Amino acid sequence: MIVRSSPNFRDVLFATRGSILPRILRPLLFMIAVSIAAVLVSHIRPAFLSGLAAMPFTLVGLSLSIFMSFRNTACYDRWWEGRKLWGQLIIACRSFARQVSIVEIDDRAPLLEGLCGFASGLAARLRGNDELAAVARYIEIVGRDTPPNPTDAALTWIGGRCQQLVAAGTIDSIHYSVLEVQLTALAHVQGGCERIKTTPPPFSYSLLLHRTAYAFCLLLPFALAPTLDWWTPLPTFLLSYAFFGLDALGDELSDPFGTDPNDLPLDAMVRTVEREMLHACGRTDLLPMLVARDFILL
């Protein structure tokens, strides 16, 4: 996730870190080359471009911008829902830690370490990393068979430990039901994150937008060149920057759990859970909070 203050005038002119520009630089340079070629064609063969006019491109550009805004809104909704789900995860972990605070430290510590394993495993699962190893940093869930869903197995392990506390008389059934509410909330968080991860925006929808944006930006310079001459690259660059930038930004937001600059800082949120849960265990060897590097927080 990009962590920067509101851009000032200098940032607007020169800032590249945290900008979508590096990702779309090559298409922009290609469009500038096309616009230069269009100007040369208008000089060498002016009759070749006599049938083109800028008015149809105005209508197409308006329609394309509306279409793109709908797509980006849908992609942002996915990003924001992912952030809300991870906010619920942190809240559920804190609530669970508070509700088991009356239990002796020897019984409490494994439960809270299990929450650390769940958060680490979920982040690894969403980013395609070694999920089992992430969970195993805190709890051992592998028996005779490797579980197909280690993160969910971590929740099952925590629930089993809670049942053992009930059987031992450490907590009563009412206290257990309160703890189970938080475990159920964590299961809902995992299910919601998996739904976002495994259900990308329809491919045909994205492909249609990509093709339309490229076709529009490729043909626009040939309509502008007879009128604007060597000024043609400027509006071509600006429109291409807007359309390609929104397109690329929508691609990043559609998968909020990746490692692109605009994705959610899962590592930082996992570290928050780890620090708070381990502190509730009485640990003092806490890892430091993650900070942004080059304005990017992972």
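1. Aromatic cluster. Y76, W79 and W80 form one aromatic cluster. The model is a predicted one, and the remarks below apply to that model. A search of the whole structure finds 5 aromatic pairs.

2. The stacked pair. Take Y76 and W79 from that cluster. Their ring centres lie 5.6 Å apart and their planes meet at 20°, so this pair is stacked. Stacking requires planes under 30 degrees apart. Both residues sit in helix α3, which spans residues 55–99. They are 3 residues apart there, or about one helical turn.

3. W79 has 12% and counts as buried. The cut-off for buried is under 20%.

4. The edge-to-face pair. F216 and F243 also pair through their rings. The centres are 5.5 Å apart and the planes stand at 80°, so the pair is edge-to-face. That label needs an angle over 60.

5. Packing of α2 on α9. Helix α9 has a further partner, helix α2 (residues 21–44). How are the two arranged? Their axes are 9 Å apart, at an angle of about 150°. Angles over 145 count as roughly antiparallel, and α2 and α9 are therefore roughly antiparallel to each other. Their crossing is right-handed.

6. Residues in that contact. On the α2 side, the contact is made by L21, R23, I24, P27, L28, M31, I32, S35 and I36. On the α9 side, the contributors include P233, T236, F237, S240, Y241 and F244. G245, A248, D251 and E252 of α9 also take part.

7. Cysteines. How many disulfides does the model hold? The count comes to 0 disulfides. A disulfide needs two cysteine sulfur atoms within 2.5 Å. For C116, the closest cysteine sulfur is that of C281, at 6.7 Å, which is too far for a bond. For C193, the closest is in C93, at 12 Å, again too far for a bond.

8. Where two of these cysteines sit. C116 is buried, at 0% relative accessibility. C193 is buried as well, with a relative accessible area of 0%.

Conventions
Residues numbered from 1 in each chain as written. Predicted model: local features only at pLDDT ≥ 70, side-chain atom pairs only at ≥ 80, totals over all residues. Heavy atoms only, no water. Buried < 20%, exposed > 50% of the residue type's maximum accessible area, 1.4 Å probe, protein only. Phe/Tyr/Trp six-rings, centres within 6.5 Å; stacked < 30°, edge-to-face > 60°. Helix = DSSP H or I, 4+ residues; strand = E, 2+ residues; numbered from the N terminus. Axes fitted to C-alpha atoms, helices over the stretch in contact; angles between N-to-C directions. Parallel < 35°, antiparallel > 145°, perpendicular 65-115°, else oblique. Left-handed = near helix turned anticlockwise from the far one by under 90°. Contact = heavy atoms within 4.5 Å.
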